[in-house]
Amino acid sequence: MNALSALFSIAARLVLAVASVVLFLAALAAGLVIFAVVLLWSLVRGRKPTLHTAAFRRAAQFRSGHFGPGGFRGGAGGAGRTPPGDVIDAEIREVPDVPRPPEAPDAPPVTPRLER
C-alpha cells in the first residue's frame, strides 16, 4: 500500500509540474503575440509605441507622501505655490505713478497702484 501511495504522489507531482510548464509557456506565447501585434500596429501607423506609465507615477507619488488630502503637494507645476483659498498676510504700500502727459478731460481718474 505504501508503494502505491508513493507512485500516486510522484504521478501527481509530475502532472502538476507539466501543467505549470505548459501554463508558463502559454503565458509567454500570449505576451510575445501581444508584443508583436503592438509592434506591427505601431509600424503601420508610423508612430513609436507608447507606454502609459501615469498610473505607476501616481502610485509612486502616493507612496512617497506627495499626495495629501487636498491633492498633490509639490511636484511638477505645484512647487512652492499655496493652495487657492488660503489667506496670505502681506504688507501693502502705495507705489507712486510715473508722471504722464496730461490726460483728456473725459478720461477716467487715475487710481494709485498697490503693491505687495
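Predicted model: local features only at pLDDT ≥ 70, side-chain atom pairs only at ≥ 80, totals over all residues.

Visitor: How many helices and strands does the protein have?
Guide: Residues are numbered from 1 along each chain as its sequence is written, and side-chain values use heavy atoms, with hydrogens and water left out. Helices (H or I, at least four residues) and strands (E, at least two) are DSSP runs, numbered from the N terminus. Along the sequence they follow the pattern α-α-β-β-β-β, giving 2 helices and 4 strands.

Visitor: Which element of the protein has the highest mean pLDDT?
Guide: The mean pLDDT of the protein is 78, with 69% of its residues reaching 70 or more. Among the elements, strand β2 (residues 71-72) has the lowest mean, 55, whereas the highest, 94, belongs to α1.

Visitor: What distance does α1 reach from its first C-alpha to its last?
Guide: The expected span of a helix is 1.5 Å times one less than its number of residues. For α1, which has 44 residues, 64 Å is expected, and the helix comes close to this by reaching 65 Å.

Visitor: Of the 44 residues of α1, what number is buried?
Guide: Buried means under 20% relative accessible area, exposed over 50%, and partly exposed in between, with a 1.4 Å probe and protein chains only. In the protein, buried residues make up 3% of the 116 residues. Helix α1 lies largely in the open, because the number of its residues that are buried is 1.

Visitor: Is S42 buried or exposed?
Guide: S42 has its place in helix α1, and, leaving aside its neighbours within four places in sequence, is in contact (heavy atoms within 4.5 Å) with R47, K48 and P49. With a relative accessible area of 5%, S42 is buried.

Visitor: What accessible area do V21, F24, L25, L28 and L32 have together?
Guide: L25 is found in helix α1 (residues 2-45), and its 47% relative accessibility makes it partly exposed. An α-helix has 3.6 residues a turn, so residues three or four places apart point the same way. V21, F24, L25, L28 and L32 form a nonpolar patch on the surface, and their accessible area together is about 500 Å².

Technical notes. Patch = residues over 30% accessible without salt bridge, like charges linked within 9 Å, V, L, I, M, F, W, Y side chains within 5 Å. Areas by Shrake-Rupley, 256 points an atom, 1.4 Å probe, with all protein chains shown as cover. Salt bridge = Lys/Arg side-chain N within 4 Å of Asp/Glu carboxyl O. pLDDT = per-residue confidence, 0-100.
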